[in-house]
Amino acid sequence: MRVKKAIIPAAGLGTRFLPATKAIPKEMLPIVDKPTIQYIVEEAIASGIEDIIIVTGKGKRSIEDHFDHAVELEQNLLEKGKNDLLDKVQESSKVNIHYIRQKEPRGLGHAVWCARKFIGNEPFAVLLGDDIVQAETPCLEQLINEYERTSSSVIGVQTVSENETHRYGIVDPLIKEGNCYQVLNFVEKPSPGTAPSNLAIMGRYILTPEIFMFLEQQEVGAGGEIQLTDAIQQLNQIQRVFAYDFEGTRYDVGEKLGFIQTTIEFALQNEELKKELLGYLKGILEKEELLQIN
């Protein structure tokens with residue numbers, strides 16, 4: 001079966017960005033002029049996904065509003081002839097998006113489980129909002145292509161440094177064929193110095209519906225939450241699960257420094273901002289160098 005459905009979990013509390021996320025969903029924080037979650041949705045659409053379900057939580061209503069029509073705003077832009085802005089506003093409302101609420105924060109595995117009835121008995125994608133990927137071929141499309149080749153679940157990975165492995169789900173690879181690895185074990189956030197490799201799971205998954213058998217057990221893992229990685233490890237015992245080292249640049253917008261770095265890099269890709277921003281950054285660097293000299 002073709003992969004036509006995707007789950008985007010967006011129910012987290014966003015504690016790393018408090019106090020901003022007390023009233024604003026982390027997923028709605030903008031990278032330049034676009035909410036982070038819109039980058040994720042656009043990748044899904046560019047990869048051929050037809051239906052998206054966003055798993056939200058309390059205080060996330062603005063996500064639904066963002067992907068809905070804003071009639072008064074659109075009419076105002078039309079009357080004023082601001083067609084470029086009108087196109088941008090309407091672009092986000094052309095997507096076929098569904099919503100379900102995760103009633104309590106019980107982890108990523110539980111958030112995916114909440115969407116089980118929407119998925120049914122089909123393979124599906126999961127895209128996490130903490131990772132934005134820029135690639136010539138969309139990251140999710142690369143994984144879908146690999147799923148079609150293997151008829152198996154495929155997990156997106158990239159290499160991280162050894163001192164970062166404790167922050168991620170890590171794969172213990174068996175056999176490598178091109179960018180694809182057959183996997184012995186999946187380990188969620190291993191203790192420092194114990195990781196079986198430095199191949200880290202990067203927020204993109206193609207999963208078969210059998211994963212719900214294991215998520216149904218609601219077993220608590222690392223951090224006292226229901227971990228998706230634990231269910232993938234169990235799935236790997238009954239059917240092959242592959243890890244795919246995808247091509248592209250991954251930006252971590254789930255923590256403050258990565259969010260700031262991503263904003264700067266994306267702003268430098270904007271021709272309207274690039275020249276002035278470079279001048280501004282140069283001025284800051286020169287000022288810092290003078291302070292260090294003095």
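Biologist: Contact means heavy atoms within 4.5 Å. Which residues does isoleucine 52 touch, leaving out those up to four places away in sequence?

Modeller: A word on the model comes before that. This is a predicted model, where local features need pLDDT of at least 70, side-chain atom pairs count only at pLDDT 80 or more, and totals for chains, interfaces and linings use all residues. Residues are numbered from 1 along each chain as its sequence is written, and side-chain values use heavy atoms, with hydrogens and water left out. Now your list. Isoleucine 52 touches Ala6, Ile8, Val41, Ala44, Ile45, Val95, Asn96, Ile97, His98 and Phe118.

Biologist: Which residues of the largest nonpolar core touch the most other members?

Modeller: Ile37, Ile49, Ile52 and Ile54 do, in a core of 44 residues. A nonpolar core is a set of buried Ala, Val, Leu, Ile, Met, Phe, Trp, Tyr and Cys residues joined through side-chain atoms within 4.5 Å. Buried means under 20% relative accessible area, exposed over 50%, and partly exposed in between, with a 1.4 Å probe and protein chains only. There is a second, separate core of 33 residues. Ile7, Tyr181, Leu207 and Leu235 are among its members.

Biologist: What percentage of the protein's residues count as buried?

Modeller: 47% of the 294 residues. Helix α9 is mostly covered, with six of its eight residues buried. Those six are Leu228, Thr229, Ala231, Ile232, Gln233 and Leu235.

Biologist: Back up. How many helices and strands are there?

Modeller: 11 helices and 13 strands. Both are DSSP runs numbered from the N terminus: helices are H or I with at least four residues, strands are E with at least two. The radius of gyration is 20 Å, close to the 19 Å from the globule rule for 294 residues, so the protein is as compact as a globular protein of that length. That radius is taken over C-alpha atoms, and the rule is 2.2 Å times the number of residues to the power 0.38.

Biologist: What does the C-alpha trace span along its principal axes?

Modeller: About 55 × 55 × 35 Å. For contacts between residues at least 6 apart in sequence, 77% join residues at least 24 apart.

Biologist: How is a pocket defined?

Modeller: A pocket is an open set of points with protein on both sides within 12 Å along at least five of seven lines. A cavity is a set where a 1.4 Å probe fits but cannot get out. Lining residues have an atom within 4 Å of a point. Grid points are joined across faces, edges and corners, and a volume is the space filled by probe spheres set on the points.

Biologist: How do the lining residues of the largest pocket divide?

Modeller: 14 nonpolar, 12 polar and 12 charged. Here Ala, Val, Leu, Ile, Met, Phe, Trp, Tyr, Cys and Pro count as nonpolar, Asp, Glu, Lys and Arg as charged, and the others, Gly among them, as polar.

Biologist: And what volume has the second largest pocket?

Modeller: About 470 Å³. It is lined by 22 residues, with Asp33, Lys34, Pro35, Gln38 and Lys88 nearest its centre. Helix α4 supplies the largest share, four residues.

Biologist: Which residues line the largest cavity?

Modeller: Lys26, Glu27, Thr36, Gly129, Asp130, Val253 and Gly254. Its volume is about 30 Å³.

Biologist: Where is lysine 189 placed?

Modeller: In the loop between β10 (180-188) and β11. Lysine 189 is partly exposed, at 43% relative accessibility.

Terms used:
On a 1 Å grid over the protein atoms alone, a cavity is a set of points where a 1.4 Å probe fits but cannot get out, and a pocket is an open set with protein on both sides within 12 Å along at least five of seven lines; lining residues have an atom within 4 Å of a point.
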